[in-house]
Amino acid sequence: MNRTSKITLLALAIAPLCATVAQAETIYLKCSADGSEQIVTIDTTANTVNNISAKINATSIEWYENQDAGSGASVETFYKIDRTTGVYEELNRYHFSSGNIQNHPGPTQSCVPTAAPATKF
């Protein structure tokens, strides 16, 4: 075996050890309370939850969204999942055209890891 062949074989042997492919880590959680459930999709690489920007760290996942509540009102919904307990909390903060603000907590849910949802494609 000549020197070029030895170098080629060595390169082929170590290439899999050196190759790193950037992959998004996606976590799927099934969260439920009061007989209803939802799947929450967390992309830890893009820092998103259900494609909404999020703050993700070792102990919690937090995000929020704004929505039009009609009649000149809006609602900010703040979400938090405690990664150590699996508890999912939600707070809805309504802003009314009169200037009043009201906080309404949503139901506390329990989350567990689940498989990716089935798709048709």
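**The disulfide and the overall fold**

With 110° about the S-S bond, the link between Cys31 and Cys111 is right-handed. This disulfide, meaning a pair of cysteine sulfur atoms within 2.5 Å, has an S to S distance of 2.0 Å, and one disulfide is found in a search of the whole structure. The pair links distant parts of the chain, since Cys31 belongs to strand S1 (residues 26-33) and Cys111 to strand S9 (residues 109-113), 80 residues apart. Both cysteines, Cys31 and Cys111, are buried, where buried stands for under 20% relative accessible area, exposed for over 50% and partly exposed for values in between, with a 1.4 Å probe and protein chains only.

The model is a predicted one, in which local features need pLDDT of at least 70 and side-chain atom pairs count only at pLDDT 80 or more, while totals for chains, interfaces and linings use all residues. Residues are numbered from 1 along each chain as its sequence is written, and side-chain values use heavy atoms, with hydrogens and water left out.

The protein chain contains one helix and nine strands, these being DSSP runs numbered from the N terminus (helices: H or I, at least four residues; strands: E, at least two). From the N terminus on, the order of elements is α-β-β-β-β-β-β-β-β-β. Of the 121 residues in the protein chain, 22% are buried.

Thr48 lies in strand S3 (residues 48-49) and counts as buried because its relative accessibility is 16%. Leaving aside residues up to four places away in sequence, Thr48 touches Thr41, Ile42, Asp43, Ser53, Ala54 and Ile56, a contact being defined by heavy atoms within 4.5 Å.
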